[in-house]
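Thanks for making time this morning. I would like to walk through one model, and please keep the cut-offs in mind as we go.

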Amino acid sequence: MRAVDYSIQGRGASRVWYVVLASSLLLIAWGFVALYSITHGPAAEQLGSAVQDSFLRQLVWFGVGLGVVGGMFLIPEELYYRLAYPLYGFTLALLVATLLWGREVNGAKAWLYFGPIGMQPGEFMKIGTLLAMARYLSGLQHRSAFVSFSRFRPQPSRIQRYYPLLSRLTDGMPPVLFVLLPVVLLILQNDTGTALLFLIFIPALLFGSGLSVGITLAMISPVVVAYAGLIDLRAALLMALVSVIAIGVVEQERVVAVLSALFNGIALLGVFALPYLLKPHQVARLEAFANPELDPQGVGWNVLQAQMAIGSGGIWGKGFLQGAQTQAGFVPARSTDFVFAVIGEEFGLVGTVSVLVLYGGLLFGLLHMAERGGLFTRLLGIGVVSLFLAHVVINVGMNTGLMPVIGVPLPLISYGGSALVTNMALIALVARLYRAHQRQLRFRSL
Amino acid sequence: MAPEGAPVRLRALRFATALLLFVLTLRLFWLQGVEYWRHAEGSRRTTLRALAVDPPRGTIRDRNGVVLVDTEPAFTVLVTPSDFDPAVIPELARLLGVSDSLLQARYAQARAYSPYRPSRLLRDLSTVQLARLQENLYRFPGIDLQLESRRRYPAGVRGAHLFGYVREISAEELARLRPAYRMGDLIGHTGLERFYESELRGQRGQHFVLVNALGQTIGPYREGREDEAPRAGFDLELGLDAGLQALAESLMTGRRGAVVAIDPRNGEVLAMVSSPDFSLEALNRIVDPRLWRSLNEDPARPLFNRAIQAEQPPGSTFKPFMALVGLQEGVITPQTVVFCRGGFYFGRFFRCHGGAHGAVNVQRAVQVSCNTFFYWLMTRLNLQRWHEYGRQFGFGRPTGIDLPGERRGVLPDSAYFNRVYGRGRWTLGYLVSLGIGQGNLAVTPLQLAAYCAALANGGTYYTPHLVRRMRNPQSGEERIWYEQPRRIPVDSAYFALVREGMRLAVEAGTGGAARLPGITVAGKTGTAQNPHGKDHAWFIGFAPYEQPRIAVAVLVENAGFGGVHAAPIARELFARYLIKSRTHDASARVVSADPTR
């Protein structure tokens, strides 16, 4: 699959740099276009001035983000590696502070205010967590060579010859802990959407550092099975069976297959028992996702309205500022969770596919950088790509009715200063380290 | 330099990325391509609301261009049930100063009609109501204000039965007339408003607005490019004379009865009054049930249009007709003399009035209203032929005036008697009273007026009509009343004879109270026997005798003798209509007419 080797700095290297830069900026531009339509469209006068000001506020945050990115390129690359743990500690402290002194907005105590400026430490936490995990896992490199025996030693296949970083499963425990700490704090803040997204780091980075395919699948498959279970229990059962068998084939350790079967079973049971475990409004939300037409005026409303908005956009859309459905407030949270519906309605298939293409450009560009960076860079890249991918899939999925409504923003597009700055910083992080790696190929592999 | 094996792991992630983005793209193609029409339609439905724009109802003017009925702007409260929280009804009712139950009922109706379309909750807001509601509108999602119009009667002419009232469409009518009408639409219920409903109303337009999720209007849809403009209704021009009508109304105040004045040259109705009447102003808004009950339960029946619905025996006003039939049928000649001894014996004794008239010919008989002559004449006539003549004069059938609810009266023939008394169980004696307009005979004031007009113009029967012309102010289209008049098959020489008799009746007979200085008036009094109480007084007449311009029928119920109670009213009308010097006098009276009576 590797067509050209870009490992030596050359035209290809600068091309990927531009691809990442251009797609990031264009996605941000999409965000401003949508935000302008929401805040300054025909429905603007019905909105509060605070909402109308959000366009300017987001512009300011974009400026802050540019500053942060600029600054990041001035910091010596070594520092990222060295400061990974302190930064993790700092962001974790912010999260604790939020839990103590934060302000509650829309039911989630996720906001920390410094005077008039409010921010969501949960977003910054993503940087800290990712850095800490990448630091720890890339650090395993030096130890792994001496590992002689492990019950869970990966299969000496062609695949497994790659980085046996995780020669012992116990080595995977600290990164899991790095993730679980903020997840617990976020759940305590009642910010479940953000918390869930953190979990993607675990399979992504562990897989990236050599966790066997079987174990990774065993981690992911219960989630997929549970998701399928919401729509159709029989399909979920089939999926669970297939994944258990697949794991059994790929993975030599029987334990993994047995555990996978256990987890999948728990997931299925969980879906079955969900109505008894969850609060009524959460159950209603899940049911509405599975069958929105059942109660079009009730919980399924958001889902249907967003789908209708996107669907009614057609190929070319209704035109800038002409999105009757989104303008009129039929689509909720249209500057954040449902911003994609605004783009879909006003710019049609052309707009939505262009957004997806830009994400494709960004993610493939980042993967390209990850592939050619050092180990540290690679793990960061894998983390950023999987994080973004999860956001995009869940957000676009819920906008188009493929996913239940979980409050997940669209990276770089959705309104939200902390998220914008964080996402810009995450991209810059990968680009920064990639660039350093390209400049100084002999630089100690981070 | 990437280490060996690294690309494999990344390739897996790359594959996952590509796959997931591809799935999302497919989903978008499905939503925005395949399902586009379904969603586009759904989106239109939820975000667009069609507001009905009713054109102003056509105006009604009199023969001189005086505006009798027009519209004035009025605010209406609209409710969109799906956006409205019924829990705030008590608060809204307090704010508007109306009863809780009224709003509850109206809301329930609106909800039943359509939860998603705005319906009228309350019409014709007062300035105070409007100001209060406007200030608090933000507190009531689903409530909107709409500028509409209401009926106004600027000329001081009451015309209660004539114009009729408009009211909100009833549930039954709505079921029949949907979708042309919506709940809360006004519809003419009586009178001209009803008869010319489709012409007056025009055609509703549509104004499309975008609404937000709260149901509040955001603005026009596509800058109004899709709107449908309302099409105006026709303005009606009546043959009515506003001054004469107002005078007739004031003359009938306190009396029970009806007045109809017709232009004998073309059948245009100059005035039409039924008394007692009611106030149109009070009925054109949401009607207080108590007022409605009192109007319905009043023994004087104010809602009853006596001018076209009261059926009474014509009494002696029928005699000119009898004379014409007798002459035309050859039963009598102008010279035929009957000797009146104060009555007529036919099986039993039929009384004449005022003692014995002695020898009377037909003209004299009309002048002095000799019963004996006409009793005798009736016994000589063929009932069937008599019936046919009667129909030629418009008796026993609706005149065809442009008003709803006209009654036909009773004009018997042998079939009628067979039906009422049984075949062979009635005799000629049953018919004798018909000769003097009593017995099984009933006419409406309008029928008598039209008959009088035919007498006045020497035998041409015009269908009486109110509207003589209508014009559409938007399209400029004009429609003019045209109907070929009917020539009554009686020689004009006989008409001249009978008209002369009627002139003499006013000059030196029973109708003396209708006499006017300077104008020759012809007329005939009548008294309809009333088995339930005091007799009803009739008078028919026309003037000027030489070239009649007005023919009148007056009915005053339970008044007694026609020459005393009905003829003076006719005289006032002749004077008002024919003598210009009295114009100011009468119009002054019009203005001072108490609108609340």
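Residues are numbered from 1 along each chain as its sequence is written, chains are lettered from A and ligands numbered from 1 in the order in which they are written, and side-chain values use heavy atoms, with hydrogens and water left out.

Let me take confidence first. Where pLDDT is low, the predicted coordinates should not be read in detail.

Now to chain A. It has 18 helices and three strands, these being DSSP runs (H or I for helices, at least four residues; E for strands, at least two) numbered from the N terminus. Of its 446 residues, 55% count as buried, where buried means under 20% relative accessible area, exposed means over 50%, and partly exposed lies in between, with a 1.4 Å probe and protein chains only. Among contacts in chain A between residues at least 6 apart in sequence, 72% join residues at least 24 apart.

Chain A exposes about 19300 Å², of which carbon and sulfur atoms supply 68%; the areas come from the Shrake-Rupley method with a 1.4 Å probe, and for residues only the protein chains shown count as cover. On that surface, Met219(A), Ile220(A), Val223(A), Val224(A) and Met239(A) make up a nonpolar patch with about 400 Å² of accessible area together. By the rule for patches, members have over 30% relative accessible area and no salt bridge, with like charges joined within 9 Å and nonpolar side chains (Val, Leu, Ile, Met, Phe, Trp, Tyr) within 5 Å. Helix H10 of chain A, residues 213-231, contributes the largest share of the patch, four residues. Val223(A) is found in that helix and counts as exposed at 57% relative accessibility.

Next, salt bridges. The count over all chains comes to 41, taking a salt bridge as a side-chain nitrogen of Lys or Arg within 4 Å of a carboxyl oxygen of Asp or Glu. One of them joins Arg152(B) to Glu72(B), with the closest N and O atoms 4.0 Å apart. Arg152(B) lies in strand E5 and Glu72(B) in strand E3 of chain B, so this pair ties together parts that are 80 residues apart in sequence. Arg152(B) is partly exposed at 31%, and Glu72(B) is partly exposed at 23%.

Arg106(B) and Glu168(B) form another salt bridge, at 2.8 Å from N to O. Here helix H4, which holds Arg106(B), is tied to strand E6, which holds Glu168(B), so the pair links parts of chain B that are 62 residues apart in sequence. Both residues are buried.

What of the aromatic rings? The structure holds 37 aromatic pairs over all chains, where rings of Phe, Tyr and Trp (its six-membered ring) pair if their centres lie within 6.5 Å, planes under 30 degrees apart counting as stacked, over 60 as edge-to-face and the rest as tilted. Phe321(B) and Phe393(B) form an edge-to-face pair, 5.2 Å centre to centre with 80 degrees between the planes. Phe321(B) is buried at 0%, and Phe393(B) likewise counts as buried at 0%.

Finally, which residues does Gly342(B) contact, leaving aside its neighbours within four places in sequence? They are Phe349(B), Arg351(B), Cys352(B), Gly355(B), Ala356(B) and Thr372(B). Gly342(B) sits in the loop between strands E13 and E14 of chain B, and it is buried, with a relative accessible area of 17%. Its C-alpha atom is separated by 8.2 Å from that of Gly358(B), 16 residues apart along the chain.

Definitions and conventions
This is a predicted model: local features need pLDDT of at least 70, side-chain atom pairs count only at pLDDT 80 or more; totals for chains, interfaces and linings use all residues. Contact means heavy atoms within 4.5 Å.
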